[in-house]
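Let's take a friendly walk through a protein model together.

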Amino acid sequence: MSETKKSDVTVPAQASAPEAENDVLLKVQGLQKHFPIRKGVLQRQVGAVKAVDGIDFEVRRGETLGVVGESGCGKSTMGRVITRLQDPTGGSIHFEGKDITRLNTAGMRPLRRDIQMIFQDPYGSLNPRHTIGSIVSAPFRLQGVEPEGGVKKEVQRLLELVGLSPEHYNRYPHEFSGGQRQRIGIARALALKPKLVVADEPVSALDVSIQAQVVNLMDDLQQELGLTYVIIAHDLSVVRHVSDRIAVMYLGKIVELADRTSLYESPMHPYTKALMSAVPVPDPRRRGAKSERILLRGDVPSPIAPPPGCRFHTRCWKATEICKTTEPPLLELRPGQQVACHHPESFQDQAPQDTVLLTAAKEAAELVADEVLAESAETSAAVAAEVKAHAEPASEGVSRTSDGVSKSSDGVSKTSDGVSKTSDEPESTDK
Ligand SMILES: Nc1ncnc2c1ncn2[C@@H]1O[C@H](COP(=O)(O)OP(=O)(O)OP(=O)(O)O)[C@@H](O)[C@H]1O
Ligand code: SF4
Ligand SMILES: [Mg+2]
């Protein structure tokens, strides 16, 4: 990956209307995917897992949209639905202006060339009984495409393109390492020269030392082939360096969607801020620093019965009564930065009349010193360093004094920017 690439973002943040329409490769509106829960002899539906529950976003030509969120928030489901590997329950998907929401298998067949997916597990996604040649040439067979120069020559070219040897053509998956297998998966995804590649955690199953190589390869291929990516990850440090824009998902919803710089320098959703505060920045100047980070307590609630109002209210340190009852809409609060929150960070309060924190909010987040997270964050830092990140300090988004989380001796009271604290010491530094 070139070091300057993502700073020279070619995707315009604000294009004029007709230009913007042309610029959009994929448009998703109100997308839902509910998995029915059935019980009894009659297999009656008794509920549904609301894996994706009404999301809107666009992917522009040539850009990389990163999608992040905790385990179970619906990222993979979203990926499978927008590639139409699964049918949506509701909403719409437009690809190059064409409505593909309800296309059947036959209708989708020509589009399979344009939309490809790279899977997380490089071990499970390659058939162990097939040679690499057979695996990478499968898309040609399925689509009845005869590449110029023949299939074998094209497959060998693709293997070279992803950094493997043409001699690997007759070998089997078990003869390759995880990183090499992921390269094979990438070669297969690129065989038909797709326009959109959805990569579901493409590096999370790989060793740290290999992750950066694969990320860099994907980035190089994007520039070389003009690809558009949706990259799903739970690791913000990986997404940060490859994305032009980032969508943050929580429990089936997008809670914040912004360009990379805005999101990292000034996250507005409390959940984004919490995710961000767990991302280490490889900055020697901060080594040993005692700044605080937000550590979210508890698991993501069940998508079978998501909390009413704002779904994050059970874990949010800024939650007030309105958060419990009224779902905040995803609004563009700053140019290019959409946020779903009644009390956004570093911005005018959307519900200023609501000032009393919910009891649970006082316990929702805890503050820890940098060193506490350092160990668990080592992996992310190593990858981030490897992908030659620009050194913008993401953790500056978390500032306890200006708009962070803090507590007064006599309880907690919300200010326009969060919760204020009189004592200088973090509440818990011994975790
Ligand atoms: N086929 C299915 N049937 C029923 N429930 C499902 C199915 N696929 C996913 N789910 C549920 O939908 C929710 C979202 O799952 P999904 O795999 O999309 O999450 P994710 O964000 O990709 O998580 P992870 O980071 O762990 O991969 C989960 O609660 C999951 O159990
Ligand atoms: S302040 Fe309220 S609306 Fe905003 S994230 Fe927290 S709970 Fe949700
Ligand atoms: Mg997943």
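How do the residues of the shell around ligand 1 divide into nonpolar, polar and charged? There are five nonpolar, seven polar and one charged. Keep in mind as you look that this is a predicted model.

**Around the two ligands**

Of the 13 residues around ligand 1, the nearest are F35, A51, S71, S76 and T77. Strand 2 and helix 2 (75–82) are the elements that give two or more residues to this shell. Helix 2 provides the largest share, three residues.

Now turn to ligand 2. It is surrounded by 13 residues, and C310, C316, A319, C323 and C341 are the closest. This shell divides into eight nonpolar, four polar and one charged residues.

In general, strands of a sheet pair through backbone hydrogen bonds, either parallel or antiparallel.

To see one pairing in detail, look at strand 4 (residues 90–95) and strand 5, which run antiparallel and are joined by two bridges. H94 has D99 in strand 5 as its bridge partner.

**Helices that pack together**

| Helix pair | Angle between axes | Axis distance |
|---|---|---|
| Helix 4 (residues 132–143) and helix 6 (residues 178–190) | about 30° | 7 Å apart |
| Helix 4 and helix 5 (residues 151–161) | roughly 110° | within 10 Å |

On the helix 4 side, the contact is made by I132, I135, V136, A138 and P139, and on the helix 6 side by I184, A187 and R188. By class, this contact has seven nonpolar, no polar and one charged residues.

How do helix 4 and helix 5 lie to each other, roughly parallel or roughly perpendicular? Their axes cross at roughly 110°, and the two helices are therefore roughly perpendicular. Their crossing is right-handed. Helix 4 brings G133, V136, S137 and F140 to the contact, while helix 5 brings V151, K152, V155, L158 and L159. These residues divide into six nonpolar, two polar and one charged.

Definitions and conventions. Residues are numbered from 1 along each chain as its sequence is written. Chains are lettered from A and ligands numbered from 1 in the order in which they are written. This is a predicted model: local features need pLDDT of at least 70, side-chain atom pairs count only at pLDDT 80 or more; totals for chains, interfaces and linings use all residues. A residue is near a molecule or strand if its C-beta atom, placed from the backbone, lies within 6 Å of it. Ala, Val, Leu, Ile, Met, Phe, Trp, Tyr, Cys and Pro count as nonpolar, Asp, Glu, Lys and Arg as charged, and the others, Gly among them, as polar. Two strands pair if DSSP finds at least two bridges between them. Helices (H or I, at least four residues) and strands (E, at least two) are DSSP runs, numbered from the N terminus. Axes are lines fitted to C-alpha atoms, for helices over the stretch in contact, and angles run from 0 to 180 degrees between N-to-C directions. Two residues are in contact if their C-beta atoms, placed from the backbone, lie within 7 Å. Angles under 35 degrees count as roughly parallel, over 145 as roughly antiparallel, 65 to 115 as roughly perpendicular and the rest as oblique. A crossing is left-handed if the near helix is turned anticlockwise from the far one by less than a right angle, and right-handed if clockwise.
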